[in-house]
Amino acid sequence: MKRLFYILFCLVLLGCQQQEDTAKPAGMVPEGKMVQILADVHIMEALIEANINYPDTAMMVYNKEHKKILDKYGVKQPAFQKTYNYYAANLKEMDRLYEIVLDTLTAREAKYVAKKSKGAGDRDSLQLDQEEVRDETPGKLKNTIRRSAKMKTGEQLN
């Protein structure tokens with residue numbers, strides 16, 4: 001019994017060792033491009049979460065839009081996944097990356113608010129927000145959001 005305890009104790013100690021920082025793998029997405037991709041992905045996720053109630057539909061839309069974002073930046077899914085896995089394994093790097101993503105999102109928000117206040121005139125801010133989303137949202141996502149909104153209100157689908 002003592003042997004089993006010692007063996008388990010040694011295994012636990014070996015398992016608790018701090019992992020060494022892994023080297024950056026070849027073919028990683030550059031940091032600047034990764035920041036832009038992650039910022040776009042988070043905006044897209046917020047739009048989907050706010051406008052689509054059904055999880056299956058939301059997942060399908062997310063996958064399509066995620067692919068479009070990667071295509072927009074000329075990045076292949078395996079390269080994105082490899083880069084994301086690297087950052088997930090190196091949390092200090094991930095924290096630093098997400099500080100930049102947060103700064104990017106904050107700058108985009110400030111630009112949006114300035115644009116909104118500049119062109120608002122007599123229009124209601126909610127109306128302006130909805131128009132802005134329609135203008136900024138890719139076509140198929142707009143249609144899915146409209147269909148989801150109609151389902152919520154019980155309107156007939158076209």
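Student: Hi! Before we look at anything, what counts as an aromatic pair?
Tutor: Rings of Phe, Tyr and Trp (its six-membered ring) pair if their centres lie within 6.5 Å. Planes under 30 degrees apart count as stacked, over 60 as edge-to-face, and the rest as tilted. Keep in mind that this is a predicted model.

Student: Okay, how many aromatic pairs does the structure hold?
Tutor: It holds two aromatic pairs. One is formed by Phe-80 and Tyr-84, with 6.2 Å from centre to centre and 25 degrees between the planes, and it is stacked.

Student: Where do Phe-80 and Tyr-84 lie?
Tutor: Both are in helix α4, which covers residues 77-89. They sit four residues apart, about one turn of the helix.

Student: Is Phe-80 buried or exposed? And what about Tyr-84?
Tutor: Phe-80 has a relative accessible area of 7%, so it is buried. Tyr-84 counts as partly exposed because its relative accessibility is 30%.

Student: And which rings make the edge-to-face pair?
Tutor: Those of Tyr-86 and Tyr-87. Their centres are 5.3 Å apart and their planes stand at 70 degrees, so this pair is edge-to-face. Tyr-86 and Tyr-87 are both buried.

Student: Let's stay with α4. How many residues does α4 have, and how far does it reach?
Tutor: α4 has 13 residues, and the distance from its first C-alpha to its last is 18 Å. That is close to the 18 Å expected at 1.5 Å a residue.

Student: Which residues of α4 are buried?
Tutor: Ala-79, Phe-80, Thr-83, Tyr-86 and Tyr-87 are buried in α4. They cover an arc of only 125 degrees around the axis, so they are on the same side of α4.

Student: Why would residues three or four places apart point the same way?
Tutor: An α-helix has 3.6 residues a turn, so residues with that spacing point the same way.

Student: What's on the face of α4 turned away from its buried side?
Tutor: That face carries the exposed residues Pro-78 and Ala-89.

Student: Let's zoom out. Which members of the largest nonpolar core touch the most other members?
Tutor: This core has 24 residues, and Met-34, Ile-37, Val-75, Phe-80 and Tyr-87 touch the most other members. The elements giving two or more residues to the core are α2, α3 (55-72), α4 and α5 (91-119). The most come from α2, which gives eight residues.

Student: So what does α2 look like?
Tutor: Helix α2 takes in residues 31-51, 21 residues in total. At 1.5 Å a residue it should span 30 Å, and its end C-alpha atoms are 30 Å apart, which agrees. The buried residues of α2 include Met-34, Val-35, Ile-37, Leu-38 and Asp-40.

Student: Tell me about Asp-40. How buried is Asp-40?
Tutor: Asp-40 is in helix α2, and its relative accessible area is 11%, so it is buried.

Student: New topic: is Glu-99 buried or exposed?
Tutor: Glu-99 lies in helix α5 and is exposed, with a relative accessible area of 51%. Glu-99 and Val-35 are 64 residues apart in sequence, and their C-alpha atoms are 9.5 Å apart in space.

Student: Last one: what does the secondary structure of the whole protein come to?
Tutor: It comes to seven helices and zero strands. Of the protein's 158 residues, 25% count as buried. Among contacts between residues at least 6 apart in sequence, 68% join residues at least 24 apart.

Methods: Residues are numbered from 1 along each chain as its sequence is written. This is a predicted model: local features need pLDDT of at least 70, side-chain atom pairs count only at pLDDT 80 or more; totals for chains, interfaces and linings use all residues. Side-chain values use heavy atoms; hydrogens and water are left out. Buried means under 20% relative accessible area, exposed over 50%, partly exposed in between (1.4 Å probe, protein chains only). The expected span of a helix is 1.5 Å times one less than its number of residues. The arc is that of the directions from the helix axis to the C-beta atoms. A nonpolar core is a set of buried Ala, Val, Leu, Ile, Met, Phe, Trp, Tyr and Cys residues joined through side-chain atoms within 4.5 Å. Contact means heavy atoms within 4.5 Å.
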